[in-house]
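Let's walk through some side-chain contacts together, one question at a time. Have the model open as you read.

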Amino acid sequence: MPAGKFEGIYKDLASKVTDGKYERGTFLPSENQLKEIYGCSRNTIRRALSLLASQGYVQAIHGKGVQVIYQPVKQAHFIVGGIESFTESAKRNRLHTKTKVIKFTDLTVDEHTAGRTGFQVGDEVWYIQRIRMIDQKPVILDINVFLKSETPGLTEDIASHSIYEYLENDLHMQITTSKRRITAERATEMDTELLDLKDYDFIAAVTSQTYNSRGIMFEWTQSRHRPDYFEFFDTASRKTAAEINI
């Protein structure tokens, strides 16, 4: 099986769900039909469907098939359990977005930055600050640190669009794992100014360390969200007694 094949199928099916080709309450084509459509093995299809289910797009119904349960929402939902870029989330929620790069530079990691991010002292990194806008409203302040050795050729222009698209499509990186921590933090002066917080004095901060398929942490990011515009959700399933050995 080609590396990452199921991920491409997942993205294509997710796009068709969010675009309305497969509407809520309808069923996806059968596994055999999907095998023919995508020219791959049953195992590859099952991995893609499993990922769709874990992200809340579909649910397997015994004896019937895989049913679409996705429903568009007015606000932008960010998935806690998955690895989804801002651009992908905006597309999933059918929102008009813009990214404004306010800082793009390179630096050498010192002890303070190493302690904060998990990179090693002496690592060469890109340091980026971006404002994410939805319907012309500033809603996220992204502070990104990318390991230069794993993200060569990164530019301010790429950062103003989608860094993940560049990493996956141009550098052929497989992004596999992200460790995240979500906290409520007192807003800084920069938060208040750049995110137009008005009467709010706090933000929701999502801090992540993200790894590629080679086990290398290539990104540390803190996304500082306006509290009135976002909610985070995960899709969970309860294990059976047999699965948890009861």
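Q: Is Asp201 buried, partly exposed or exposed?
A: In this predicted model, Asp201 has a relative accessible area of 46%. Buried means under 20% and exposed means over 50%, so Asp201 counts as partly exposed.

Q: Which side chain meets Asp201 in a salt bridge, and where does that partner lie?
A: Asp201 itself is in the loop between helix H8 (189-194) and strand E8 (202-212). Its salt bridge, at 4.0 Å from N to O, is with Arg186. That pair links distant parts of the chain, 15 residues apart, and the partner Arg186 lies in strand E7 (residues 175-186).

Q: Why does Arg226 count as buried, whereas Asp228 is partly exposed?
A: The side chains of these two residues meet in a salt bridge of 2.9 Å, N to O. The cut-off for buried is under 20% relative accessible area. Asp228 has 31%, so it is partly exposed, whereas Arg226 is buried because its value is 8%.

Q: Which ring does the charged end of Lys148 sit over?
A: Lys148 is in the loop between strand E6 (137-147) and helix H6 (156-159), and its side chain meets that of Asp106 in a salt bridge (3.2 Å, N to O). The charged end of Lys148 also lies 4.6 Å from the centre of a ring, and that ring belongs to Trp126.

Q: Which residues do ring pairs link into a cluster?
A: The structure holds six aromatic pairs. Ring pairs join three tyrosines into a cluster: Tyr10, Tyr57 and Tyr70.

Methods: Residues numbered from 1 in each chain as written. Predicted model: local features only at pLDDT ≥ 70, side-chain atom pairs only at ≥ 80, totals over all residues. Heavy atoms only, no water. Phe/Tyr/Trp six-rings, centres within 6.5 Å; stacked < 30°, edge-to-face > 60°. Lys NZ or Arg CZ within 6 Å of the ring centre and 35° of its normal. Helix = DSSP H or I, 4+ residues; strand = E, 2+ residues; numbered from the N terminus. Buried < 20%, exposed > 50% of the residue type's maximum accessible area, 1.4 Å probe, protein only.
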